[in-house]
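Here are my notes on this one, in the order I'd talk them through at the screen. Have a look at the model before you read on.

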Protein chains: 2
Amino acid sequence: MRYRLYYWTGIQGRGEFVRLALEDAGADYVDVCRVQGDAAMQPFLAGKASGTRPFAPPFLKHGRRVLAQTAAILAYLAPRHGLVSTAESARWKAHQLQLTIADLVTEVHDTHHPIAASLYYEDQREAALARASAFRRERLPKYLDYGEQMLAAGGGRYLLGRPTYVDLSLFQLMAGLDYAFPRAMRRLRRRTVRLRALAARVAERPRIAAYLASPRRLAFNENGIFRHYPELDD
Amino acid sequence: MRYRLYYWTGIQGRGEFVRLALEDAGADYVDVCRVQGDAAMQPFLAGKASGTRPFAPPFLKHGRRVLAQTAAILAYLAPRHGLVSTAESARWKAHQLQLTIADLVTEVHDTHHPIAASLYYEDQREAALARASAFRRERLPKYLDYGEQMLAAGGGRYLLGRPTYVDLSLFQLMAGLDYAFPRAMRRLRRRTVRLRALAARVAERPRIAAYLASPRRLAFNENGIFRHYPELDD
């Protein structure tokens, strides 16, 4: 049964973590808003569609089920497509790691929007400078070190020893961080050797490589989560 | 097999969502740091204990498994203790709602720490005033309206029609919001009729009532996630 993914057009955003899994799986899916526009999400967000009402995009419709929350969508999809072992221990470990990635993504968003998502960046720039500075000094190295350590514990090549959806998300995370904070990421390059090798490995997966070369892969931009504002970098 | 919960002493924090589930289930658990001190978490956080390394507390040890991330811990515990139906659709819906609660909890934390968790509140007070104002005006009503609508959709008494762990978390959320933002919550009281009735219903559950009356239930305080700084309220 075809998956229907709902997410804002024009940005990669949180939807991209789901797209990478669907693409790598070769799953039959439609990126609904890219066909019908963002208004296609409104009946769901307003509680006027069938299925569980999502609080926010992305959400996935699969048959009668509507599932929101990026990490939950991935946990739902992955065992159906060999993107995680069906063993309970692997699924919990993967989900825990994905939720930690989700926490980091939220922190990245808040580097440019520390006061309110409803305000322009320019109207919260001073707070953004302070938050981004703390993020680059404290949080970013802590998360990256954790990623390196988890990769080492998994044998060095993949987080869980064999490829899973979490590796796809880690690729996206590294790509986004490199886009948003190129100087900070260069400073931390010796601490991210395994993460960089993993990201390169993921980018070479045939379906991921084909996706990245396709027009379906949007470029990062300053409407998304990973934004490049030079003043927020080292 | 006894559960071992690891979380900071001295605060309710994110650990409290897990405690409420364990208490309501009458589960056999030990709140490890309250016995051994916060240092008991260090081997796990440093990757020197067996099991998946957690990025941050809370985490739960159950046999050889170590599981972090509040929402994942709850999704793991709940079907084992009748705190959610074992039907797949109910578990996904509950998890999605719990992850939305987790997002709100992070936003509440950031009202008093919008710049960095490593700085004192007093050193980010100006940004906190701005963030808390936007939170109270935009985000809090949006989340509460969503909660009311989800309750209405579930029949009015429980989010999923019958009691689940998500209702326990919603009780905790309402208690924390009332503590942190009493004036804003009073302003919104007519929009939270179902949520308030649910919170009262949860507080009367025999094991929850016994827990709340016990010394195990710490008071909210200004080291936790829900902090009462009058200047951050209406």
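**Notes on the two-chain model**

1. Starting with the interface: 39 residues of chain B are in contact with 39 residues of chain A, contact being heavy atoms within 4.5 Å. About 3500 Å² is buried between chain B and chain A, with carbon and sulfur atoms giving 59% of that area. Buried area here is the accessible area (1.4 Å probe) that two parts lose on being put together, summed over both. On the chain B side, B:Phe55, B:Trp92 and B:Gln96 lose the most area to chain A, together 22% of what that side buries.

2. Some ground rules. This is a predicted model, in which local features need pLDDT of at least 70 and side-chain atom pairs count only at pLDDT 80 or more, while totals for chains, interfaces and linings use all residues. Residues are numbered from 1 along each chain as its sequence is written, chains are lettered from A and ligands numbered from 1 in the order in which they are written, and side-chain values use heavy atoms, with hydrogens and water left out.

3. Six salt bridges are counted between chain B and chain A, a salt bridge being a side-chain nitrogen of Lys or Arg within 4 Å of a carboxyl oxygen of Asp or Glu. One pairs the side chains of A:Arg131 and B:Asp110, at 3.2 Å from N to O.

4. Which elements of chain B give two or more residues to the side that touches chain A? They are strand 4 (65-68), helix 4 (70-77), helix 5 (88-112) and helix 6 (125-153). Helix 6 of chain B provides the largest share, eleven residues. Helices (H or I, at least four residues) and strands (E, at least two) are DSSP runs, numbered from the N terminus.

5. Residues 1-85 of chain A are 33% helix and 18% strand, with end C-alpha atoms 21 Å apart. Residues 94-232 of chain A are 63% helix and 0% strand, with end C-alpha atoms 31 Å apart.

6. Next, helix 9 (residues 193-203) of chain A, where A:Leu195, A:Leu198, A:Ala199, A:Arg201 and A:Val202 are buried. Buried means under 20% relative accessible area, exposed over 50%, partly exposed in between (1.4 Å probe, protein chains only). Seen down the axis of helix 9 of chain A, its buried residues fall within an arc of 160°, so they line one face of the helix; the arc is that of the directions from the helix axis to the C-beta atoms. Their cover includes helix 6 (125-153), helix 7 (165-180) and helix 10 (206-212) of chain A.

7. A:Asp24 sits in helix 1 (residues 15-25) of chain A. Is A:Asp24 buried or exposed? It counts as buried, at 7% relative accessibility. Beyond neighbours within four places in sequence, A:Asp24 is in contact with A:Leu83, A:Leu168, A:Arg205, A:Arg207 and A:Ile208.

8. Over all chains the count is 38 salt bridges. In chain B, B:Glu16 pairs with B:Arg19, closest N and O atoms 2.8 Å apart, and with B:Arg217, also at 2.8 Å from N to O. B:Arg217 lies in the segment after helix 10 (206-212) of chain B and B:Glu16 in helix 1 of chain B, so that pair ties together parts 201 residues apart in sequence. Both B:Arg217 and B:Glu16 are buried, and B:Arg19 is buried as well. In chain A, a network of salt bridges links A:Glu16, A:Arg19, A:Asp31, A:Arg34 and A:Arg217.

9. A last pair: A:Arg125 and A:Glu231 meet in a salt bridge (3.2 Å, N to O). A:Arg125 is in helix 6 of chain A and A:Glu231 in the segment after helix 10 of chain A, 106 residues apart. A:Arg125 is partly exposed at 36% relative accessible area, and A:Glu231 is partly exposed at 31%.
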